[in-house]
Amino acid sequence: MEKKNLKGMTLQELEDYMAELGEPAYRAKQIFRWIYRGATRFDSMTDLPKELINKLNARSRIGKIKIHGKYESAIDNTVKYVFLLEDGNMVEGVKMEYSFGMSACVSSQVGCRMGCAFCASTIGGLVRNLTSGEMADEILAIQEDTGKNVSRIAVMGSGEPLLNYDELMRFLNLVNSPQAFNISLRRVTISTCGIIPEIIRLADEGIPVTLAVSLHAPDDSIRDRIMPVNRNYPILQLLDACKYYIIKTKRRVTFEYAMISGVNDTTECAQKLSRLLKGMLCHVNLIPLNPVKEKGLKKSDPKKVAAFKKILEDCGISTTVRREMGADIEAACGQLRRSMMLDGVKR
Ligand code: SF4
């Protein structure tokens with residue numbers, strides 16, 4: 001009989017499991033607390049009776065991912081982790097330190113099938129979804145390694161999180177649970193390339209996560225070229241879905257815009273984007289493109305980025321230029337990969 005992995009179960013699911021084992025519900029709370037304090041063995045759960053520990057050892061287990069590699073930036077305190085999953089696949093995650101605390105960027109899938117032209121995660125396609133337990137384990141591994149608690153989470157690593165919707169929701173349940181990570185969902189950002197039906201579904205959940213939409217273009221002809229998802233979900237329909245999200249959640253939407261030299265960084269592009277976003281409760285994050293060697297795209301000149309920002313701001317659109325955290329260790333946006341093996345480079 002395959003042992004049941006208890007990491008990643010919600011408290012309710014664990015209570016149901018305890019009922020199946022003929023145990024009272026309060027045992028679930030005890031086990032749940034231990035797991036998200038980092039316990040990996042039932043024997044270390046000192047408030048459980050021996051018979052229950054034996055029962056759990058016979059039928060259950062606590063999954064664990066391992067840190068396979070760790071790359072520390074020389075220019076800031078960003079650290080990129082390569083996590084080894086139990087089935088041998090690898091994903092990457094990043095921790096960043098700010099004055100307000102530690103922030104973690106986690107992956108939601110092994111690889112990605114969305115094919116964005118500037119992104120390393122999609123080289124090699126999608127392998128599989130991560131489970132809620134694996135996503136939680138990315139946080140636990142970072143906490144264990146640093147000895148500090150994560151206070152903000154961005155689901156912005158490899159993968160399209162909204163195409164792993166059910167596991168994402170279970171992960172958010174753990175993030176928010178007082179007995180697990182106890183992090184407010186206001187401090188969680190979910191990034192999407194623009195899967196319209198799932199944006200609507202997320203809006204209807206009534207949870208206050210920040211939605212970050214990878215927009216990267218002001219019109220369909222440019223977006224079609226660099227983001228194949230746009231052929232199914234064109235820009236005006238995507239913005240309508242974002243407006244619905246804003247109405248339902250009363251939260252400001254962030255638009256990510258990678259500045260790619262000669263592709264989407266002209267004055268005309270900035271003007272078009274301003275017209276699209278004017279009056280919307282949103283924020284634009286301009287990201288000087290982080291180069292990915294296989295992709296052959298170049299970052300925009302800083303003067304072009306500044307001019308682009310000014311045009312948006314003159315239209316009253318809140319805009320920032322994102323600091324390039326961890327660019328020397330390929331930990332920045334769009335640079336996370338499925339595994340080190342794709343690099344073909346030994347580090
Ligand atoms: S940007 Fe996001 S959705 Fe696009 S290929 Fe990369 S991971 Fe996938």
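Q: What is the accessible surface of the protein chain, and what percentage of it belongs to carbon and sulfur atoms? Please then look closely at helix H3.

A: This is a predicted model, in which local features need pLDDT of at least 70 and side-chain atom pairs count only at pLDDT 80 or more, while totals for chains, interfaces and linings use all residues. Residues are numbered from 1 along each chain as its sequence is written, and side-chain values use heavy atoms, without hydrogens and water.

The accessible surface of the protein chain (Shrake-Rupley, 1.4 Å probe) comes to about 15000 Å², and 50% of this belongs to carbon and sulfur atoms. Of the 347 residues, 56% count as buried, that is, under 20% relative accessible area, whereas exposed means over 50%. The chain holds 10 helices and 14 strands, taken as DSSP runs of at least four residues (H or I) and at least two (E) respectively.

Helix H3 spans residues 50–59, and its buried residues are Leu52, Ile53 and Leu56. Because these cover an arc of only 100° around the axis, they lie on the same side of H3; the arc is that of the directions from the helix axis to the C-beta atoms. In general, an α-helix has 3.6 residues a turn, so residues three or four places apart point the same way. The buried residues of H3 pack against helix H1 (11–20), helix H2 (25–36) and strand S2 (60–61), with contact meaning heavy atoms within 4.5 Å. On the face turned away from that buried side, H3 carries the exposed residues Lys50, Glu51 and Ala58.

How values were computed. Buried < 20%, exposed > 50% of the residue type's maximum accessible area, 1.4 Å probe, protein only.
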